[in-house]
Amino acid sequence: MTRNADAAGAHRALFDTTPDGILILDDRGICVDLNPAMGAMLGAAREEIIGRHFHDFMPPDRVADADAAFASLRHDGMLAIEFPVRRFDGTILNLEWRSRSNFVPGLHLSIARDLTPRDEAQRALRQSEERYRAFLANSSEAIWRIELEEPMPTNLEPDQQIDRFYAHGYLAECNEAMAAMYGFSSPSEIVGARLGDLLVRDDPQNVDYLRAFVASGYRLIGAESREVDREGNEKNFVNNLVGVVENGFFLRGWGTQRDITDQRMTERQRAALVTRLEFLADITAVLGSSLDYGETLASVAAAAVPRFADWCFIDIVNAAGHVERVAVQHSDPRQAELCIEMERRYPTPPDTPVGPMHTIRTGATQSYDVDAGLLAGHAKSDEHRRMLEALHFHAGLVVPLVAHGRILGALAFALSESERKFTADDIGLAEDLGRRAGLAIDNARLYSELERANRAKDDFLA
């Protein structure tokens, strides 16, 4: 008797502590027992559930389906199915059920596992894919992906690799901007084209272009190519491209390109374009390097100074709805400390008519000169005015950090030591950075939310 009692106690302990939900029904579909995990899934105490019919836990529109599943279980003896339940608070959970009929005569046992975290992760992945597709569609810059039908060993000689590129390379994906550059109305009309159809091999410049790509370790910035459109017309592009290498094999290449066919660029213009492309490529790499957006934005600010501007400021709207400055960058740390101290002592009012607060409030890009009148209007005291003058600002540029139509913050640049002004190209590049940084912030926040959800699930299971 003692041995049987001990065994029964062990079985009950296992029943009560398993992280999967367990529900036992009689032939009528009445609950006769359940474990704490099942009670947690249904959102009610054991005493509230025992004696109820399983209909009480079903979404009203799925009761007939639940009856059919219960009949199938009784007939076949086994059942594996995904089926939702309605918690006592009215919310719906998607559960995976594995059921056995008559494990004890007249009783039917079901083990349930909550699939909601899996479904949320899949939904997040779908949303991420939708965002990626939206970014491709809305980008004004041509974006493309070249695939190789056969992976290429990276230890081949450069000319052998070029042979492989032309033999096995094809356009696997591009956006509408790229299709338009070649005279097509949609990407579907050009996707699938062979590399040789676009990048003519008979042109020595194109062979040199691919040779430079191999020599660079499959990362090339600001490289020119001569290509042909659908009518056979020559096109000139400036390209950025990066290859994907795994286990010693080249698999694919991603790239962006800008049409320069109708431009006669001076050497100075060309140098400026290459610098902007290099800067954009480096910033894009920084944005993809970490899911900690605070760390990522600090790296963005560091990369922007002094290559793009003398100052960089990044403000974010935090979860509480307050504006928080997450980065201040200048080549002289003492100047950066002065600016931080000034903002601490004289915080910018939310209704200020110029600067990051205005852009966060309105979503408008601003490019402006900083003169004595602007400083006098902004200063709150003589000391504040002297601190502003010590920073030597003479031009400002502010763009919104935007993701899916939502303003997440502002990206601000200022010129002080540099004897120049912000150009239209600078404004376009800054707005592009604002969109890319906004997407990176949004994706990082989404990832953090999923991480918190997974940790909560793991804590519960533990």
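Which residue in S14 stands opposite Tyr-368? In this predicted model, Tyr-368 is placed opposite Gly-396 of S14.

Strand S14 spans residues 395–403 and is mostly covered, with 8 of its 9 residues buried.

| Strand pair | Partner residues | Bridges | Direction |
|---|---|---|---|
| S13 and S14 | S13: 366–369 | 4 bridges | antiparallel |
| S14 and S15 | S15: 406–415 | 9 bridges | antiparallel |

**Helix H6**

Helix H6 covers residues 158–168, and its buried residues include Gln-161, Ile-162, Phe-165, Tyr-166 and His-168. The elements that cover the buried residues of H6 include strands S6 (142–153), S7 (169–174) and S10 (249–259), together with helices H8 (195–198) and H9 (204–215).

**Packing of H12 and H15**

Helix H12 (residues 333–345) packs with helix H15 (residues 382–391) at an angle of about 155 degrees, and their axes lie 10 Å apart. Angles over 145 degrees count as roughly antiparallel, and H12 and H15 are therefore roughly antiparallel to each other. The crossing of H12 past H15 is left-handed. On the H12 side, Gln-335, Leu-338, Cys-339, Glu-341, Met-342 and Arg-345 make the contact, while H15 contributes Glu-383, His-384, Met-387, Leu-388, Ala-390 and Leu-391. Classified by residue type, the contact between H12 and H15 comprises 7 nonpolar, 2 polar and 3 charged residues.

Notes
Residues numbered from 1 in each chain as written. Predicted model: local features only at pLDDT ≥ 70, side-chain atom pairs only at ≥ 80, totals over all residues. Heavy atoms only, no water. Buried < 20%, exposed > 50% of the residue type's maximum accessible area, 1.4 Å probe, protein only. Helix = DSSP H or I, 4+ residues; strand = E, 2+ residues; numbered from the N terminus. Pairing = 2+ DSSP bridges. Contact = heavy atoms within 4.5 Å. Axes fitted to C-alpha atoms, helices over the stretch in contact; angles between N-to-C directions. Parallel < 35°, antiparallel > 145°, perpendicular 65-115°, else oblique. Left-handed = near helix turned anticlockwise from the far one by under 90°. Nonpolar A, V, L, I, M, F, W, Y, C, P; charged D, E, K, R; others polar.
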